[in-house]
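The tour moves from one selection to the next.

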Amino acid sequence: MLPMVALGQTLEECQQAAEQNYPLISQYGLIEKTTELTVANIQKGWLPQVSALAQATYQSDVTAWPDQMKTVYQQMGIDMKGLKKDQYRIGVDIQQTIYDGGAINSQKQIAREQGKVQAAQNEVNIYNVRKRVNEMYFALLVLDEQIKLNQDLQGLLGGHERKLASMVKNGTAAESDYQNVKAERLSVMQQATNLVGQKAMLQRMLSTFCGVEVKEVQKPVMNVAVVQQQTGLRPELKSLDAQIVMINAQEKALDSALMPKLGLFAQGFYGYPGLNMFEDMMRHDWSLNGIVGARLTWNIGALYTRKNDKAKLQLQRDMIVSNRETFLFNNNMEQIQQNENIERYKRLMADDAEIISLRQTVRKAAESKLSHGIIDVNDLVREINAENAARVLQSMHEIEMLKEIYDKKFTINN
C-alpha cells in the first residue's frame, strides 16, 4: 500500500484504512486457498489408490507334497521339486472406491466449515482494530483541544504580561508582578511543548497503523440517536455460530462412519511363487499373476465409540452456547455502562457553558480589580487558570462523550 497524505481524516476513514492495512487482512486469501486445497485433496479419495510392493521373504517351512505322492510322481517320471523357502514378489495394488457411505463428502464439509471458522475468527481480530483506532483518534482530538486552549491561555497571559511590563516602566506595578505572569506564561508554553510532542507521537502511531499519513483528525458530529440497541451483529457471534455449524458437520460424519464401503480392487505381481502352486512346485520360475474383484467392508468398530463421540460433540456445543451467552451478557453490561456514561456527560455538558461564562466574568472582574490595586497578580492568575480549567473540562466532556458514543457503536457493531 503506497502511503498517501490525508488532511482532516474522519474516524471512519481511519478505521477502514487500518483494517485494510492490518497484516491479518492477508489471511483471508490464505484461509480460502488452504480450504480449497484441503477440499481438493479430500476429493481425490474418489481416484484409484495405487500402491507398489516389493517383498522378499524366507520361510521356515513351505507347502509340500506328501512323500508318498512324491514317490508316485517320480515313478511317473515327474520331478516334483516343491516350493522354495525363499520367495520374492514385486507388484501393484489398485483400490477404487465405489461407495463410501458419504465419508468423503462429510470430510469435505468439515474442511469447508473449518475454513469458515478460521475466517470468522480472523474477522474478530480485524474488527478489534477499530477499538485501537478509536483510542488513538480520540486521544488526538483531546490533544488538539488542549493545544488550542493552551494557545488561548498563552495569548491571554501574554497580553497581561505586556500590560504589566508597561506598568512597571511607568512605576505603577511591581517587577515581581510582571515576573509572576511571565513565569506562568513560560510554564504554559512548556505544557504546550509537551502536548505537541505527544500529538506528534500519536500521529506517527496512527499513521503507521492506518498505512496513511494522518496530519489532522476531524471531530465527529455528535449524534446520540444514531446508536441503537442491536444484537447478533458482532463478529464474535458469527464465529461462535460457525463453530456450531462445524460441530454439526462432525456429528454427521459419525453417521457416515457406520456405513459399509464398497470398492473394486486389482492386484498384479511378478515373482515366485505365483498363484499356480502346482506349476511352481515343478518349476522355480518367476511369473506374472493378477487378481481383480469387488470388496464390501463394514467396520462396526465405530459403534464402540459412537456414544462417547456424540457426547463429546454435544459438550463442545454446550460450551459454545455458554460462551455465546457469556459474550451477550458482557456485551449488554458494556452497553449499560456506556449508556450511563453518555447520560452523565450530557448532564455535565449542560452546565459547562454556564460555568465558563461565570469564570470568564470573574476573571474580567479580577482584571479590573488588579488595575485598581484591589487584588494582586496571584489572584488574577488563579482566576485565569480557573477559567482555562473550565474550558478544558468542557472540551474533555464533549470528546469523552463522543468517544463513549463510538465505543457503543463498536460494542453493538453499528
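This is a predicted model: local features need pLDDT of at least 70, side-chain atom pairs count only at pLDDT 80 or more; totals for chains, interfaces and linings use all residues.

Residues are numbered from 1 along each chain as its sequence is written, and side-chain values use heavy atoms, with hydrogens and water left out.

Begin with the cysteines. A disulfide here is a pair of cysteine sulfur atoms within 2.5 Å; searching the whole structure gives zero of them. Select Cys-14: its nearest cysteine sulfur belongs to Cys-210, 4.4 Å away, and Cys-14 is in no disulfide. Now select Cys-210, which is in no disulfide either, with the sulfur of Cys-14 as its nearest at 4.4 Å. Buried means under 20% relative accessible area, exposed over 50%, and partly exposed in between (1.4 Å probe, protein chains only). Cys-14 counts as buried because its relative accessibility is 0%. Cys-210 is buried too, with a relative accessible area of 0%.

Next, select residues 302–371, which form helix H8. Helices (H or I, at least four residues) and strands (E, at least two) are DSSP runs, numbered from the N terminus. Within H8, pick Gln-335; this residue is buried, at 2% relative accessible area.

Move to Asp-352, where H8 bends by about 30°. The bend is the angle between axes fitted to the seven residues ending at a residue and the seven starting there. Finish at Gly-373, which follows H8 and has a positive phi, near 75°.
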